[in-house]
Amino acid sequence: MPLLSEDQIKQYNQKGYVSPIQALTKNQAQEVKEEIEFIENKWPNELKNLGRNYPHLISPILDNVVRNSNILDAVESIIGKNILACGTTLFIKEPDERGFVSFHQDAKYIGLEPHNWVTAWVAITDANENNGCMKMWPGTHKQELKYHNEKFDYNSGNLLTRGQTVENVPLEKTESVILNEGQMSLHHPRIVHGSGINKSKKRRIGFVIQSYIGTNVKQVLGKMYVQLVRGKDNFNYHQKTNKPIKTMEKKAVKIRKKAMEELSKIFYNETTQKGKY
Ligand SMILES: O=C(O)CCC(=O)C(=O)O
């Protein structure tokens with residue numbers, strides 16, 4: 001039984017995002033945070049830079065989040081019952097790093113076609129205006145893809161691969177996605193969104209499943225490693241990986257490395273410049 005109510009589906013269709021949705025319990029969110037910190041402490045470079053991608057391939061705890069039935073019920077309401085997870089990213093903002101995300105549309109560079117996909121942003125810590133929660137520009141998912149100014153401005157703290165920016169977003173029209181730990185938002189591939197810096201004294205952690213795709217969705221720019229998380233895949237467009245057995249198991253680490261290399265080719269398709277993510 002799909003979990004989103006009629007009102008929530010209406011909100012998604014009208015605005016291009018829906019939130020808040022209860023995804024994890026506080027304890028589960030805490031467990032994820034501890035797992036991230038465990039990996040960071042034991043393998044300090046593992047989750048840095050390009051390593052912020054595909055962490056669920058090396059952690060059974062993060063893999064479980066990707067397969068969480070609350071999340072999948074909500075996702076099913078939007079993209080249907082045959083669902084692949086094709087990637088995850090840790091969007092962590094440290095209090096002292098001035099990290100931000102310029103306004104952008106996910107569909108611009110990721111190569112997933114058609115747009116039968118949705119991104120789940122799961123709050124592992126609270127996310128609010130003070131610590132740099134996402135801001136959505138409602139209704140822009142109904143428009144075409146916009147021009148993005150590629151700034152490659154990593155020194156400014158931009159957490160995006162190319163510093164890609166939709167300029168002149170009317171901030172007064174944007175809406176803040178305020179989430180408690182364990183809650184999530186779902187957003188459309190074409191909605192314009194971004195986020196500001198973390199002004200608090202604690203880290204802000206988003207575990208982002210980007211994205212859940214229908215099995216009918218192709219990757220037109222490269223290759224992605226996916227997991228069938230619900231239903232059947234009659235299309236078989238993508239390479240599948242197994243569930244990790246334990247954190248940082250050797251074979252899984254190797255597969256993740258390959259997956260990250262392929263993802264990097266997609267992110268930097270048709271550009272000679274390369275950033276750190
Ligand atoms: O975590 C953020 O602040 C932005 C993440 C984002 O742009 C996304 O999930 O598409």
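Which strand gives the most residues to the shell around the ligand? In this predicted model, the answer is β13, with 3 residues. Strands β6 (117-123), β12 (192-195) and β13 (204-214) each supply at least two residues of that shell. The ligand is surrounded by Phe-91, Val-101, Asp-106, Thr-119, Trp-121, Met-134, His-193, Ser-195, Gly-206, Val-208 and Gln-210. By type, these shell residues divide into 5 nonpolar, 5 polar and 1 charged.

The chain as a whole comes next. The protein chain contains 6 helices and 16 strands. Its C-alpha trace spans about 45 × 40 × 40 Å along the principal axes. For 277 residues, a compact globule would have a radius of gyration near 19 Å, and the 17 Å of the protein chain agrees with that. Of the 277 residues, 44% count as buried. Among contacts with a separation of 6 or more, 86% are between residues 24 or more positions apart.

Helix α2 covers residues 26-42, which is 17 residues. From its first C-alpha to its last it reaches 24 Å, close to the 24 Å expected at 1.5 Å a residue. The buried residues of α2 are Ala-29, Val-32, Glu-35, Ile-36 and Ile-39. Seen down the helix axis, these buried residues fall within an arc of 120 degrees, so they line one face of α2. The face turned away from that buried side carries the exposed residues Lys-26, Asn-27, Glu-34, Asn-41 and Lys-42. The cover over the buried residues of α2 includes α3 (60-66), β3 (88-93) and β13.

A cis peptide bond joins Gln-210 and Ser-211, with omega about 10 degrees. Ser-211 lies in strand β13, and Gln-210 is one of the residues surrounding the ligand. Another cis peptide bond joins Glu-113 and Pro-114, with omega about -5 degrees. Pro-114 is in the loop between β5 (112-113) and β6.

Two asparagines have a positive phi although neither is a glycine. Asn-49, with phi of about 50 degrees, sits in the loop between α2 and α3. It counts as exposed because it has 11 C-beta neighbours inside 10 Å, where 12 or fewer is the cut-off. Asn-236 also has a phi of about 50 degrees and is found in the loop between β15 (225-230) and β16 (239-240). With 9 other C-beta atoms within 10 Å, Asn-236 is exposed.

Definitions and conventions: Residues numbered from 1 in each chain as written. Predicted model: local features only at pLDDT ≥ 70, side-chain atom pairs only at ≥ 80, totals over all residues. Near = placed C-beta within 6 Å. Helix = DSSP H or I, 4+ residues; strand = E, 2+ residues; numbered from the N terminus. Nonpolar A, V, L, I, M, F, W, Y, C, P; charged D, E, K, R; others polar. Rg over C-alpha atoms; globule rule 2.2 N^0.38 Å. Buried ≥ 20, exposed ≤ 12 C-beta atoms within 10 Å, placed from the backbone. Contact = placed C-beta atoms within 7 Å. Expected span 1.5 Å × (residues − 1). Arc of directions from axis to C-beta.
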